[in-house]
Amino acid sequence: MEFTFTEEQTLLRDTVDRFVRDALPFEKRQAIIDHYPGYSDDHWHTLAELGVLALPVSEDSGGLGGGGVETMLVMEQMGKSLLPSPYVPSILLGASILDRLANSDMQKEVLESVVGGEKKLAFAYAERGAGFSISNVSTMAITNNNGFMITGEKSTVLHADTADYFIVLARTSGNQHEKHGLSLFLVPNADDVEMQSYPTQDGNRASELMFAGVLVGPEALLGNAGEACAIVEEVLD
């Protein structure tokens, strides 16, 4: 089967390739990952200017509406230089979820700032002992008069320590292993979220997050309560 790239896809590939080769010769990479935050903010803002942060986000949400092929081309070029960045957690995971579920002006403003490079996201979905099961979630989000109270722990949250917001998968109903009853929340990175951060083997960073009765308003809920599992599976795929 013959497969050829479009003119736009070829331009995208060559643009990202040129950027990573010029910006990150291999001898500079170690110096960057050895110091917090483990990546270059200048590189991040350049990716925003090039439109790479907007790539997987739909045009209706202010993005470029790229698909799997465009994502593959970008990741291939980043992989060649082992570019350290929060692109996967903030854009391919976090922004993709907001693109699908943002249902308030506040949430849409956050997505716009992420695409523009001003804010970053981290996707807090995994838990210790859950293995590869997305639905094995013990973190709870209990409704109260002012919104929700989130209690639980999330593990290996990529680049959480530099995220402005967490997208948190929590259970609003059902038993621990049920797919139904899972909900997503947009939670600010604030002092009431405890965090233990560490470098990962590939030179990036991750964190363990502890939510001890963190209160969020009703506007923090992304999409419909209890219906998040299908979206999470789609985005992770």
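This is a predicted model: local features need pLDDT of at least 70, side-chain atom pairs count only at pLDDT 80 or more; totals for chains, interfaces and linings use all residues.
1. Residues are numbered from 1 along each chain as its sequence is written, and side-chain values use heavy atoms, with hydrogens and water left out.

2. Helix α5 (residues 87–101) and helix α6 (residues 105–115) have axes that come within 10 Å and cross at roughly 150 degrees, where helices are DSSP runs of H or I with at least four residues, numbered from the N terminus, and axes are lines fitted to C-alpha atoms over the stretch in contact, with angles from 0 to 180 degrees between N-to-C directions. The two helices are therefore roughly antiparallel, a term for angles over 145 degrees.

3. From α5, S90, I91, A95, L98, D99 and L101 meet Q107, V110, L111 and V114 of α6, contact meaning heavy atoms within 4.5 Å.

4. L98, placed in helix α5, is buried with a relative accessible area of 0%, the limit for buried being under 20% with a 1.4 Å probe and protein chains only. Not counting residues up to four places away in sequence, L98 touches Q107, V110, L111, L121, I167, L186 and L222.

5. In helix α3 (residues 41–49), H43, W44, L47 and A48 are buried. Seen down the axis of α3, these buried residues fall within an arc of 145 degrees, so they line one face of the helix; the arc is that of the directions from the helix axis to the C-beta atoms. On the other side of α3, D42 and E49 are exposed, that is, over 50% relative accessible area.

Notes. Angles under 35 degrees count as roughly parallel, over 145 as roughly antiparallel, 65 to 115 as roughly perpendicular and the rest as oblique.
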